[in-house]
Amino acid sequence: RQGKARAVMFRSIGKLMSNTRGAFAMQFALMAVPLTICTGLAVDGGRAFLARFELASALDAAALAVGSTLQNQGTDLNAVAAKFVEKNFRTEHTGPIVLTMTSVEDTIVLKGSVKINTYFMPIVGQPTVTVNAESEVKRGGSSLEIALALDITGSMSTSRMNGLKNAARI
């Protein structure tokens, strides 16, 4: 009698294992969450990468503006940098853009940090991503070297030396 019950049990397990109706629905249900998370990571990661590129470009513009501004004019260089970054960084973001500027001799380093919203990652508890970038610029020196070339083709209407002197005064 025990052998007969065992045979019935194994036959029932065999039928259960060979039944494939609804298997795709089960597999899809199990894979839906990881696929959504991977898709969200790809979309939000791409947005963060583009935001970092745009922040770096905005910091470059701000660093160049600060580097070309003379300090003895009484200009607040932090305000100049903040204005340029705000105008050039157009990605939707949460909170302010945090800027830090350090100046050592003729080198200006501008660092920025901003939080951007994510679309898919709040599913796993990540509503924002922090994006950081940095830009460095060297101030130009005040020494200039100018070279003048004498045109010997005859296109100057006056004597060559007088034409060169007049051109240098303009």
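Predicted model: local features only at pLDDT ≥ 70, side-chain atom pairs only at ≥ 80, totals over all residues.
V85 touches L55, A58, L59, A62, I97 and L99, leaving aside residues up to four places away in sequence; a contact here means heavy atoms within 4.5 Å. Residues are numbered from 1 along each chain as its sequence is written, and side-chain values use heavy atoms, with hydrogens and water left out.

**Overall layout**
- The protein has four helices and three strands, taken as DSSP runs numbered from the N terminus (helices: H or I, at least four residues; strands: E, at least two).
- Reading from the N terminus, the elements go α-α-α-β-β-β-α.
- Of the 170 residues, 22% count as buried; buried means under 20% relative accessible area, exposed over 50%, and partly exposed in between, with a 1.4 Å probe and protein chains only.
- Among contacts with a separation of 6 or more, 53% come from residues 24 or more positions apart.

**The core**
- The largest nonpolar core has 23 residues, and V85 shows up again here: together with L55 and V131, V85 touches the most other members.
- A nonpolar core is a set of buried Ala, Val, Leu, Ile, Met, Phe, Trp, Tyr and Cys residues joined through side-chain atoms within 4.5 Å.
- Helix 2 (23–68), helix 3, strand 2 and strand 3 each put in at least two residues of this core.
- Helix 2 gives the largest share of this core, with 10 residues.

**Helix 3**
- What are the buried residues of helix 3? They are L77, V80, A81 and V85.
- These residues cover an arc of only 125° around the axis, so they sit on the same side of helix 3; the arc is taken from the directions running from the helix axis to the C-beta atoms.
- K83 and K87 are exposed, on the face of helix 3 turned away from its buried side.
- The 12 residues of helix 3 should span 16 Å at 1.5 Å a residue, and the end C-alpha atoms agree at 17 Å apart; the expected span is 1.5 Å times one less than the number of residues.

- The three strands form an open sheet in the order 1-2-3, with antiparallel pairing; two strands pair if DSSP finds at least two bridges between them.
- Strand 1 (94–104) and strand 3 (128–138) are at the edges with a single partner strand each, so one side of each has no neighbour in the sheet.
- From one strand to the next, the twist averages 15°.
- Helix 3 (residues 77–88) packs on the sheet, touching strand 1 and strand 2, and its direction makes about 135° with that of strand 1; axes are lines fitted to C-alpha atoms, for helices over the stretch in contact, and angles run from 0 to 180 degrees between N-to-C directions.
- Eight bridges pair strand 1 with strand 2 (residues 107–117) in the antiparallel sense.
- L99 stands opposite G112 in strand 2, while T102 has V109 of strand 2 as its bridge partner.
- Strand 2 and strand 3 run antiparallel and are joined by 11 bridges, with I108 partnered by V137 of strand 3.

**The hairpin loop**
- Two residues lie between the strands in the hairpin of strand 1 and strand 2.
- E105 lies in that loop and has a phi near 55°, a positive value in a residue other than glycine.
- E105 counts as exposed because its relative accessibility is 75%.
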